[in-house]
Amino acid sequence: MTDRLSELTAAGVAVWLDDLSRVRLSSGGLDQLRREKHVAGVTTNPTIFAKALSDADEYDWQLRDLATRGVEVEEAVRMLTTYDVRWACDVMHPSYERSAGIDGRVSIEVDPRVAHETDRTVAEAKALWWLVDRPNLFIKIPATEAGLPAITATLAEGISVNVTLIFGLDRYSQVMEAFLAGLEQAKANGHDLSKIGSVASFFVSRVDSEVDKRLEKIGSAEAKALRGKAAIANAKLAYERYGEVFSSDRWQALADAGAHPQRPLWASTSTKNPDYRDVIYVEELIAPGTVNTMPEPVVHAYADHGETRGDTITGSYDEARKVFTDLEAAGVDMTDVIETLEREGVEKFEASWQELLDGVRKSLASASHGTDRPGNAAKGNAEAAQQAGGNA
């Protein structure tokens with residue numbers, strides 16, 4: 001029987017899971033994906049945590065303790081989410097060891113409400129690094145204007161970073177510059193560069209969703225023929241820029257000091273349009289040194305019918321550039337598309353964070369009054385701590 005995910009891994013693509021919940025941890029589901037589906041990392045975001053905490057009673061014992069202590073809702077959210085991420089780091093540690101620190105990473109995002117404040121983003125990143133206290137952690141920082149210097153400053157502290165919400169090529173180039181500057185400062189600060197990791201999360205399917213909407217509005221035959229092409233072309237040209245930066249003399253000096261490249265990570269890889277192949281954003285973005293973070297249904301879909309055809313990016317740059325030329329000719333303003341997606345990306349995560357805060361606030365209130373959430377089947381503290389390796 002063909003092991004398609006093994007073939008994908010052999011082609012140079014690290015398979016990561018874009019999901020995390022305490023149910024997934026306590027059931028052993030994450031460890032099973034690591035062992036059986038070649039999952040070598042985990043990404044989270046405020047939307048994932050909002051969903052996890054809204055529909056699982058696995059958190060009730062911890063909520064009761066937090067309510068008893070009288071903690072504020074924001075501290076409660078941090079305790080709940082960092083507990084899960086610490087546990088996940090321990091589950092993924094074998095991948096971290098096996099890959100010499102490249103994979104086995106688990107990401108947690110800074111509070112999205114500070115995405116436009118550099119100093120607060122850095123302070124948030126440092127606090128999360130202390131709280132989780134695992135070497136295979138990634139701190140997710142949005143690639144906003146204020147986020148760029150925060151990325152550099154965080155890396156300079158020896159903290160590994162997942163740069164998220166990248167949509168455009170120019171911003172991606174700025175992200176790689178921030179990474180190089182951060183490592184140069186980390187080296188000057190005496191940090192071991194071999195211990196610092198980073199990925200740049202380049203969002204994919206959302207680009208098609210926005211561009212296709214505009215193409216439909218334009219309505220011409222030429223415009224409609226371009227549907228479903230923008231996102232893959234955008235990501236391919238990002239990989240071209242990655243190749244240029246990480247073959248430079250500036251990078252080589254860092255590599256000689258033990259640094260690892262900042263890998264491109266393809267995010268938002270579930271297909272939003274049912275007319276498109278469900279694994280298109282995996283099959284068309286295969287190249288060495290990349291990461292593809294997938295929701296679990298996409299992991300299973302690729303395991304079932306994904307096709308690994310070798311490197312599907314390198315050598316297709318001119319074709320990708322033609323897609324951009326054709327989009328412009330059709331009347332699509334890609335600059336506006338990218339600006340819209342970045343703004344909406346931050347807004348969506350802010351909304352999810354608020355949903356998370358509201359849900360935890362209600363749960364704390366219920367716990368403090370001795371009432372249970374619906375469907376409660378609470379775990380005891382000792383049992384949960386044991387499951388998490390004593391990291392309560």
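In this predicted model, the count comes to 11 aromatic pairs, where rings of Phe, Tyr and Trp (its six-membered ring) pair if their centres lie within 6.5 Å, and planes under 30 degrees apart count as stacked, over 60 as edge-to-face and the rest as tilted. One of these is the tilted pair of phenylalanine 167 and phenylalanine 203, with 5.3 Å from centre to centre and 50 degrees between the planes. Phenylalanine 167 lies in the loop between strand 5 (161-166) and helix 9 (169-188), and phenylalanine 203 in strand 6 (residues 198-203), so the pair ties together parts that are 36 residues apart in sequence; helices (H or I, at least four residues) and strands (E, at least two) are DSSP runs, numbered from the N terminus. Phenylalanine 167 is buried at a relative accessible area of 1%, and phenylalanine 203 is likewise buried at 6%, where buried means under 20% relative accessible area, exposed over 50% and partly exposed in between (1.4 Å probe, protein chains only).

The rings of phenylalanine 246 and tryptophan 251 form an edge-to-face pair, because their planes stand at 75 degrees, with the centres 5.0 Å apart, and both residues are buried. Ring pairs also link Phe179, Tyr239, Tyr242, Phe246 and Trp251 into a cluster.

Alanine 257 is located in the loop between helix 13 (249-256) and strand 7 (263-267), and is partly exposed at 32% relative accessibility.

Residues are numbered from 1 along each chain as its sequence is written. Local features need pLDDT of at least 70 and side-chain atom pairs count only at pLDDT 80 or more, while totals for chains, interfaces and linings use all residues, and side-chain values use heavy atoms, with hydrogens and water left out.
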